Structure formats: structure tokens, C-alpha cells
Amino acid sequence: MLENHDTICALATANGVGAISVIRLSGAKSFEITESLFSKSLKDKQSHTVHFGTISSSEGLIDEVLVTLFKEGKSYTGEESVEISCHGSTFIQEKIIAALIASGARMANPGEFTQRAFLNGNLDLSQAEAVADLIASQSRSAHDIALKQLRGKFSNELKDLREQLIHFASLVELELDFAEEDVEFADRSELKILVSNVLAYVRRMAQSFELGNAIKNGVPVAIVGAPNTGKSTLLNQLLGEDRAIVSSIEGTTRDVIEETLNINGIIFRLIDTAGIREGAEEIEALGIERSKEKIEQAKIVLCLTDASNSENFTETTAWVKSLKTLHPDKHILLVQNKADLKTANLNEASNVFDLQMSALTGNGVAELKAKLVALVLGDYNVQDETIVSNARHHAALLQTAAALERAQEGLYGHTTADFIAMDIREAMRQL
């Protein structure tokens, strides 16, 4: 693969019709192949220059284009590269790509431009993975995490951690060469502090994966409760549009409705569920079963109770207690809706609720949004901290932490230097 000298080409912009499309080439013959189809000579042209002309094939003129040149060592892939900006007709795209292939290029494999950037040392592996995350980002937070990773913040932090460990690992391993003299080159008290600090940092990064994964894929939020507690009204209020049918008739919502909402740069996948009750007829019962499935999948569950109905409050609070027992890993909020219609009995129990609001008037909706964001972020600062969103990175960090824990146990348990060195080396390898 490292010796693959093919010149590759592919459409760099999205498939379909647009005002402009960009076709990219990369490889040693990029200039030569482009020049064979272009109306002007590209010999001796500078890198990062743009040239206007026409592209033609053996069948005749194809289009007027702009050709941008990137010399070897000065492109995304590190190879000689060309970008051809043409009109966005799918016919034109296909004709230009066909002409490039006929002139000696081949179609790029999926991700091959980024693969070449990695193999040529322009990107490290975590940066290469960040390219896909940046392209797929749908919120400010997802964009920030991917951009920091692409610009090397994550890589630089790992490099710093490794260098700290390398220093002490080399001293510990040096002791093995002087085992008979019983000499200690590495200060054990300093090594204990170092391992403890690195371990705390690695654990913090590993724990951030829950947040990173939620930001990357969206946070599922199930809105549940008995019929007529205002679930659909709340969904409409959060979205700012009439997405769900609202009626005083019980069982109006018979299937789950899912919509996305961006709050402060975090995507929430809101799920309005069928009201859960006993004795529902067949179609409504199917909707209730789907509601229960969505509760299983949700990260946050909003349990609504009707402030004008004390019987509903008693049933909902008992149900919330059982949910919290069954799902200790979920954030389950007891929300008193229709607070403007609150009964005297519920006034006395107001301290039980996580939140009080009126989905109809909008009172309390801003507080609910702030609560959702706070539950997702916890004590992390997305702007300043490194947040892990890649499952492979998370697995490697867990292995790093396990190796450091063994080294830490060895240091306090007076384990011999060879075993401590082995665990530190394993931590470095995982990093």
C-alpha cells in the first residue's frame, strides 16, 4: 500500500446537482493527467495557484473550469494534487471523471485521500478519524470536538502523557541493567505521583466518552406519562411548531413521534410516546409497547404528571421510583406539568418534583432546556477540555488506565522493577 503510486480521482463535493462541483486528483501524475485535458499548459506553475480554461476529451469540449494546483508536500494528501472546479451537472461530473480515468487516473477508494494523508504523515490516526466526524457534525458541540481533534489537541495531550511515562520507564528499565548493584535511578515517590496524576487524567478522558458519544450521535429524550398529561403539548412547545396532534381525548398519540432539537449546540432526539395506561384498545396498546421500548433506549426520561390531578401524581411518582430502580444509569426527571392548574394537594408536594412548568403557556420551558443541557454536560467544559467521542479511543484509554492501575499497585506493593516497567510500557503502547 505504501508503494501505491497510482494517481486517484473522485468527486470531492456531494453527489447530485449544484452550482459547482469539485473533482480532486492526487498522485505523482496529477498535473500531467490534468494538462492532457486542459486548454493551457500547467508546466512550471506555482503551487496554490488557480487557472481558468476548458476541459476536453476525445469526444470534444466538456466544460469551462478552474484548476487549482497543489505541489508535492503542500497538499492535503502530501502528494501532487489538483482540484478541478466545474459546473455542478452530474453529466459534466461523469464526463470529466471518465476523461481523467481514460488519461491514466483511477477512481479513489472510499476514504483513500485521507488514508494517503495519514500514510504520508500529514495526519496522525486520531486526526484522520476526526475528518469523518467533522464532516458528519450536526451541532456546534460536535463540530468543536471534531475540530479540536483534527487540529491535534487530543494527539498533543497524549504525546505529553507518553513523554512523561517514557522518562520514568527508561530510568526503571535502566535499573534492570544494574540489578546486582541494587541501584534505584527512578525516584519511587516521584513515580507514584506521576502515575497517579496520569491515571486521573486518563480516567477523566475515558469518562468523557459518555458525553462525547451523546454529542456526536444526539441525546435520546423520552417524554412519557399517562394520557393527557401534556406530552404532545410539551413536544410542540420545545420545537416551536405543531408537530404532534393535541386533544383532550385520551389515547390521541398512538405511535412514537421523534424530532431533533438543538439546544446550546447539543442535539436532543425528542421522543413523544403514547400515554401509558391499563386497558387500552389494541392499536393504542401497540403504541404503549413502543413507548416502553423507547424508554429503554433513552438517555433522559421526562416523566410528566398532571398538576390538576392528584391521583395521576400518586401513580406517576410510584412509577418514577420503580423506573429509577430499574434504570440507575438513566437520568429520570419527574416533571409537574400544568403547574398553572395546580391543586392544593400538589402544592404541598412541590418539593418532590425535579421541575414544574406549563407546556401550554411555555412557563418553565427555558428551565427545562437548561436542565437537559446540564444533565448532558455534567461538570465538563466542552470549550476547554478534551472530550472523547471515538469508541476506539475510549477502549484504548480504558486499557491505559488498567495498565497504570497495575503499575500503581506494584509501586505501593514493592513489586520488582521489571513488572512495573512492563505495565508502564503497556500504558504507553495504548496511548
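Predicted model: local features only at pLDDT ≥ 70, side-chain atom pairs only at ≥ 80, totals over all residues.
Q: Why are α9 and α13 called roughly perpendicular to each other?
A: The axes of helix α9 (residues 231-239) and helix α13 (residues 365-377) cross at roughly 80° and come within 11 Å. Angles of 65 to 115 degrees count as roughly perpendicular, and α9 and α13 are therefore given that description.

Q: Which residues of α9 meet which residues of α13?
A: From α9 come Leu234, Gln237 and Leu238, and from α13 come Val365, Leu368 and Lys369. By class, the contact of α9 with α13 has four nonpolar residues, one polar and one charged.

Q: What makes β3 and β6 the edges of the sheet?
A: The open sheet has six strands in the order β3-β4-β5-β2-β1-β6, with mixed pairing. Strands β3 (49-57) and β6 (106-107) each have a single partner strand, so one side of each is left without a neighbour in the sheet.

Q: How do you know that β1 and β2 pair?
A: Two strands pair if there are at least two bridges between them. Strand β1 (residues 8-11) and strand β2 (residues 18-26) have four bridges, in the antiparallel sense. Ile8 stands opposite Ser26 in β2.

Q: Which strands does helix α2 touch as it packs on the sheet?
A: Helix α2 (residues 90-102) touches β1, β2, β3, β4 (60-70), β5 (81-88) and β6, and its direction makes about 150° with that of β5. Helix α3 (residues 112-119) also packs on the sheet, touching β1, β2 and β6; its direction makes about 135° with that of β1.

Q: Why are α14 and α15 called roughly antiparallel to each other?
A: The axes of α14 (residues 391-412) and α15 (residues 417-430) cross at roughly 165° and come within 8 Å. Angles over 145 degrees count as roughly antiparallel, and α14 and α15 are therefore described in this way. The crossing of α14 past α15 is left-handed. Residues in the contact include Ala396, Ala403 and Leu411 of α14 and Ile420, Asp423 and Ala427 of α15. The contact of α14 with α15 divides into eight nonpolar, four polar and three charged residues.

Q: What are the buried residues of α8, and what do they pack against?
A: In helix α8 (residues 209-217), the buried residues are Phe209, Leu211, Gly212, Ala214 and Ile215. Buried here means under 20% relative accessible area. The buried residues of α8 pack against α5 (140-150), α7 (188-207), β7 (219-225), α13 and α14. Just after α8, Gly218 takes a positive phi of about 90°.

Note on methods. Residues numbered from 1 in each chain as written. Heavy atoms only, no water. Axes fitted to C-alpha atoms, helices over the stretch in contact; angles between N-to-C directions. Helix = DSSP H or I, 4+ residues; strand = E, 2+ residues; numbered from the N terminus. Parallel < 35°, antiparallel > 145°, perpendicular 65-115°, else oblique. Contact = heavy atoms within 4.5 Å. Nonpolar A, V, L, I, M, F, W, Y, C, P; charged D, E, K, R; others polar. Left-handed = near helix turned anticlockwise from the far one by under 90°. Buried < 20%, exposed > 50% of the residue type's maximum accessible area, 1.4 Å probe, protein only.
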